[in-house]
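Here is a structure to read by asking what each label rests on. The questions and answers come after it.

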Amino acid sequence: MNIRMISKLAAGAAMLAMVAGTAKSAEQVEVLHWWTSGGEAAALNVLKENLQKQGVTWKDMPVAGGAGSAAMTALRARVTAGDPPTAVQLLGFDLRDWSEMGVAANLDDLAAKEGWDKVIPPALQAFSKYEGHWVAAPVNIHSTNWLWLNKAALDKAGGKVPTNLDELITLLDAFKAQGITALAHGGVPWQDGTLWEAVVLSTGGPDFYKKAVLDADPAALSGDTMKKVFDTMSKLRTYFDPNFSGREWNLSTALVIEGKAGAQEMGDWSKGEWLRANKKPGTDFVCIRFPGTQGSVLFNADQFMMFDVGGDAEKAQQKMASAVENPAFQIAFNTVKGSVPARTDISDEKFDDCGKKGMKDLNEASTKGTLMGSLAHGYAQPAAVKEAMLDVITQHLNGQLTTDAALKRLPEAVAAAK
Amino acid sequence: MSAAHETVSPGSARAARYVIYAALIFLALVYLLPLYVMLSTSLKSLDEIRGGDMLALPGDPSIAAWVKAWGEACIGVSCVGIKGYFWNSIKMVVPAVVISTLLGALNGYVLTKWRFPGHKLVFGMMLFACFIPFQAVLIPMARLLGAAGLSNSTAGLVFVHVVYGLGFTTLFFRNYYEAFPDELVKAAMIDGAGFFKIFWRILLPSSGPIIVVTVIYQFTNIWNDFLFGVSFSSGEASPMTVALNNLVSSSTGVKEYNVDMAAAVFAALPTLFVYIVAGRYFVRGLMAGAVKG
Amino acid sequence: MTTIEPMPVVVPERRKPSLADGLRNGLPKLVLAPSFAIILVFVYGFILWTVYLSFTTSKMMPIYKWGGFDAYYRLWSQPNWYVAMQNLAIFGILYIGICIAIGLFIAILMDQRIRAEGVLRPIFLYPMALSFVVTGTAWKWFLNPGLGLENTMHNLGWESFKFDWLVNPKMAIYTVVIAGVWQASGFVMAMFLAGLRGIDGEIIKAAQIDGASTVSIYRRIIIPLLRPVFLSAFIVLAHMAIKSYDLVIALTGGGPGNATELPSTFMYSYTFTRNQMNVGSASAVMMLMGITAIIVPYLYSELREKNQ
Amino acid sequence: MSFLQIKNLRKKIGNVEVLKGIDIELEKGGFLVLVGPSGCGKSTLLNAIAGLLPLTSGDIVIDGQVVNDLHPSQRDIAMVFQSYALYPNMTVEENIAFALEMRGVAKEERAKAVAQVAKTLQIEHLLKRRPSQLSGGQRQRVAMGRALVRQPRVFLFDEPLSNLDAKLRVEVRAEIKALHQNTHATIVYVTHDQIEAMTLATKIVVLKEGMVQQVGTPAEIYNRPANLFVADFMGSPAMNMLKGKVTAGGGIALFGNGGVTVPMPPSISSALPAGKDVILGLRPEAITDDGLVDPTARAIAHVEAEVTMIEPTGSDTFVTGKIDGASFTARTRAEVVVELGQTFRFAFNLDKAVVFDPETGHRVV
């Protein structure tokens, strides 16, 4: 082996590595997000092109996987290194936690100029602002308490949409009789949680949801209503197919699309799957609020939190925040993503039936005070508590905990995580 | 010796060999299954994947998924496939492997041929570095990289891989040089060779087997690393595994399994190549001393 | 007999050494120093830092506020942690045991002057080359009852075949073992093969002359001679078992429920997704203590032995 | 003044003192053999001379220069190792030239020097080979070539023949001897083989447990061993050691009560007080059959003893005799007629006897 050559090679490679180190240009935004699939990426491209027109280059930092958990790890590394990205896709309590670290930028001037206070729902503002200052630009509002039904299967079962849990059970029995999987579900903690929170809302109503989930009241978490919730979960479990464990949500959606399953409880992002399969709302599928949750909306909103990057980069950052709240982008993005705009002053004409219904529900809930954060997506509890609750929910659903044990464990887990 | 003498007729010997070959072939097939699934899926169409049997051969093989994975698949907002990330990984792996191997060789050399009081403690402490869980070092590492201005750069990533590869490379070379005759070093000393001359001219040229083992080990580990890659690099500078993860585990949208599988095979090609080509030398290198570690 | 001295270091002790001498004598240590310093900082420094962090109130990011043993109380009151440790015990024992058994078995078969060795060897070795980021999906499918082996068997007409471990909370940890063994056993095979090739042929000839059968030659002579390989394999596998992370995440994500939680996934999730960095650090400290308990006695005996 | 001087050399490894104050001198062109059993410190001493080990105290002087603090490469020495220590990655040619290369000798000169050495050692046809392609004897020769090419002040040999088979060993031994005679090189040579020591050395140093037992010419060492250890170690078969008591007549009574009294030549008997316990040392060649008796000997004693072993070597036959539990070995003519169990008449040539004090082990006369 020629040693001289190797050492030269090593030196060369090291040099190369040095040169490859990045330098940030002034008019550039680096965006950390986990929207890596085709549709989402296409939607983001709208924003990217928008910014490019204003002379801002877009440095993409996609980190997919684990519903953003890999992205959060990357973010920690970047912030710890003192080199945060310009904007980061964040959810719920994570926004507060990061703001608390004192790394957020201030968007107050921009928000005042563009009047964000008036058009963004207060329930959402609670997360977009930290100690009264705007730190994030909300992109969209998802709602999680939806039920997606295969129209053909529904028609076969009588065509009547269920409006409460009992009717849901009847319908699921009918699906089962058709020989299809009644309820398509993917057995991962956040999906289990999504289903659970809808059942909580349906069983106990908005006030109980606030008490049990938003306030994590120990009595509510172990009371009779909660027992009913867990019993319902056990009941719903019997309508799953045997392979639900660990399945991605979109595969479950595909089962409903193909008619192999009758229904799926899932957030409105699931609509994207239907649309991409060239299915029409109303004719091929039906979107309804999860039975018993009409009038309330559990929300989950993607926001771009702006990190304090200082200097010239701040200008690009402000431009990006403004572009996110631009109504044209809001429409373009949300029609693709299946969500509804984060601002309430946007016309619904470009949206389909489900979208229109979503926007109407949102406005209604926002005024009624029944627009509440989703637990599974980090808008109800900080991460520690959320994950502790999901632990119990998941283990119960997988038969590792009995209902009684779950009722005992739930307040304990919450207390331990606080 | 308790065992009785066993007479082996030619017939039963042949039967025994059939059994051995049968067992090996069966095991080989089992080991190949996941690779087979990946390859056959990457050649199928999406419809065939959804409807068909996972283990069935592709009915109408097509390399469309491969073309897409290489040049068209979307990773984030840009849809240019994984080809660019391939080069990213190479830029990271080559210097990291070369530097960590070289340092390991030097360390092994000092720890066996230039011993000093406490050399065992030093070696033991370095060896322990192999066992630290990487998740536990992310945050402080990020802090130090940031302070050194290496955050989010390939140089930083190379550094991290060198640091956490040192324990292994030192172990390999130390065990190999342990068996290397001291007399050769003495002879070279008398001949007038200095510390580095002895290393370059005498030890390193005789280290072929252990260099192969070390390079294979380091190359595979660094190429396959995801955790450091995702934490200490970003966007278009990410290594292959991060890009692959973005491609494969996108949270929404239609899953193109054939493209995913093709991309996964692409990502695995270099390490597969290294193992297949150098497999023989790998066993030989292990024989040459690494096993005793 | 010559006595070979272990220390060919030349240290002039009595006369004043020149600068060049000093440099030459210090050079080996100087060469080792950067590596050692790096290890000190990036391994031991970070371990100390982690230990310190486990005594703070850190949540999402490190906060250097003293929290006493709070994180440890929390850790040991987490049912997840007990599950993780129990799983590590099951996984670790089976993973190490089966890898060694299969690795040795294949190595012995491969050592019978097999004609196709050049083809077979890479087949057994290649899993080591692939990360679970690459093979995770294929494995998930293969183990999934609706898509993989069970489905195939049903398609072939074996309707009663059942293989649903992946989705069965009681059995899921064993699927992790299967995939883990698949990945590492080839590497163990290579180690044993190297060990077998290194055995002095005359010993085997002597045993044959003594009338030992092939089986008893392996059982009584060869396998005992492979003791150092067993030890190396154990250490390599033990550290891989403790560090296993990708494997679980790719296969089960820790589920169903928390059925396949391991200490490594526990630590990661508490540190990075559950914003309880102090509890995550406490679990890391526990893991490090476990590793120390395995490694240090090994190192001690290993380095002592060579002293004599 | 001596060319190589070792003065009060001490070496501690850990808490063990391996060399306990060694003093040796060697003239230029001398061939010094360090001999002793395993663990006597001979290799340690050689390594210390080479500079491969740090000294604890004492001095090593080569040609008037104290070399204690000099690096091995600066001592102008060359060493041939037991394992030959040929660089496996280099050809024979490169191996021999390596030291010159390290010293910055120009390429052409190196080639010339290598060619010359190769010619001397008759290894020209091997120059392009690698060590792994050589036989043991060839490797040995290359190792010597590597030392020779340097023309150093002192050659060091560390058991260079121990890895060769018996026949080759004798051949190479002769070659080394010839080499020394032709080049007049100063050589320090370590071996545990006393025949090598006897055949090669101009000066032998016998070491035991880190101490010099005796320094002398081969003849001195063989004929006048300083103590029981040297007497026993040098020579094969070993010297016969017979317990005895000095009689009033100046003879020595051997073999207890039922034994014989052998007369002593006056040079010995004059130094022995009567009644003293002694050990009588007689080399096997000093005990013979009658036919081999040295006609010039002044003190011959005949002893009848039972034959317990007969070892023919071809040239001689070694016969072991036994009286009253004490055995001795005699070297007889090959054609002597002797049978096991027979009582045989041995002739003791007491001119060659050495007498030791059993308490101190030192030679009395």
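Q: What share of the contacts in chain D with a separation of 6 or more comes from residues 24 or more positions apart?
A: In this predicted model, such residues account for 66% of those contacts in chain D. A contact is counted when the C-beta atoms of two residues lie within 7 Å.

Q: What makes up the secondary structure of chain D?
A: Chain D has 9 helices and 20 strands. Its C-alpha trace spans about 75 × 45 × 35 Å along the principal axes.

Q: How many of the residues in chain D are called buried, and what does the word rest on?
A: Buried residues make up 43% of the 365 residues in chain D. The word applies because a residue is called buried if 20 or more other C-beta atoms lie within 10 Å of its own.

Q: Why is α18(A) called mostly covered?
A: The same cut-off of 20 or more other C-beta atoms within 10 Å defines a buried residue. In α18(A), 15 of its 15 residues are buried, so with that cut-off the helix is described as mostly covered.

Q: What is the span of helix α18 of chain A, and what is it set against?
A: Helix α18 (residues 383–397) of chain A has 15 residues and reaches 20 Å from its first C-alpha to its last. The expected span is 1.5 Å times one less than the number of residues. For this helix the expected value is 21 Å, and the 20 Å found is close to it. After α18(A) comes Gly399(A), whose phi is positive, near 75°.

Q: Which part of chain D carries the label "domain: ABC transporter", and where does the label come from?
A: The label comes from UniProt, in an unreviewed entry, which places it at residues 4–234 of chain D. Such annotations may be inferred rather than shown by experiment. Over residues 4–234, chain D is 37% helix and 26% strand, with the end C-alpha atoms 25 Å apart.

Q: What are the domains of chain D, and how far apart do their centres lie?
A: Chain D is divided into domain 1 (4–233) and domain 2 (240–356). Their C-alpha centres lie 39 Å apart. The contact between them takes 5 residues from domain 1 of chain D and 5 residues from domain 2 of chain D. On the side of domain 1 that touches domain 2 in chain D there are 3 nonpolar, 1 polar and 1 charged residues.

Q: What are the domains of chain B, and which helices of domain 1 touch domain 2?
A: The division of chain B is into domain 1 (10–62) and domain 2 (83–292). The C-alpha centres of these two domains of chain B are 33 Å apart. In chain B, 8 residues of domain 1 are in contact with 7 residues of domain 2. On the domain 1 side, α1 (10–42) and α2 (46–51) of chain B each supply at least two residues, and α1(B) has the largest share, with 4 residues.

Q: How do you know that chains A and D do not touch, and which pair of chains has the most contacts?
A: No contact joins chain A and chain D, and their closest C-alpha atoms lie 10 Å apart. Among the 5 pairs of chains that touch, chains B and C have the most contacts.

Q: How many residues does each chain give to the contact between chains C and B?
A: The contact takes 82 residues from chain C and 77 residues from chain B. On the chain C side, helix α1 (residues 19–53) of chain C gives the largest share, 15 residues. That side divides into 54 nonpolar, 21 polar and 7 charged residues.

Q: How many residues take part where chain B meets chain D?
A: There, 14 residues come from chain B and 17 residues from chain D. On the chain B side, α8(B) gives the most, with 6 residues. By class, this side of chain B has 8 nonpolar, 2 polar and 4 charged residues.

Q: How confident is the predictor in chain D and in the complex?
A: The mean pLDDT of chain D is 88, and 99% of its residues reach 70 or more. For the complex, the predictor gives an ipTM of 0.83 and a pTM of 0.85.

Key:
Residues numbered from 1 in each chain as written. Chains lettered and ligands numbered in written order. Predicted model: local features only at pLDDT ≥ 70, side-chain atom pairs only at ≥ 80, totals over all residues. Nonpolar A, V, L, I, M, F, W, Y, C, P; charged D, E, K, R; others polar. pLDDT = per-residue confidence, 0-100. Buried ≥ 20, exposed ≤ 12 C-beta atoms within 10 Å, placed from the backbone. Domains from an automatic or database assignment.
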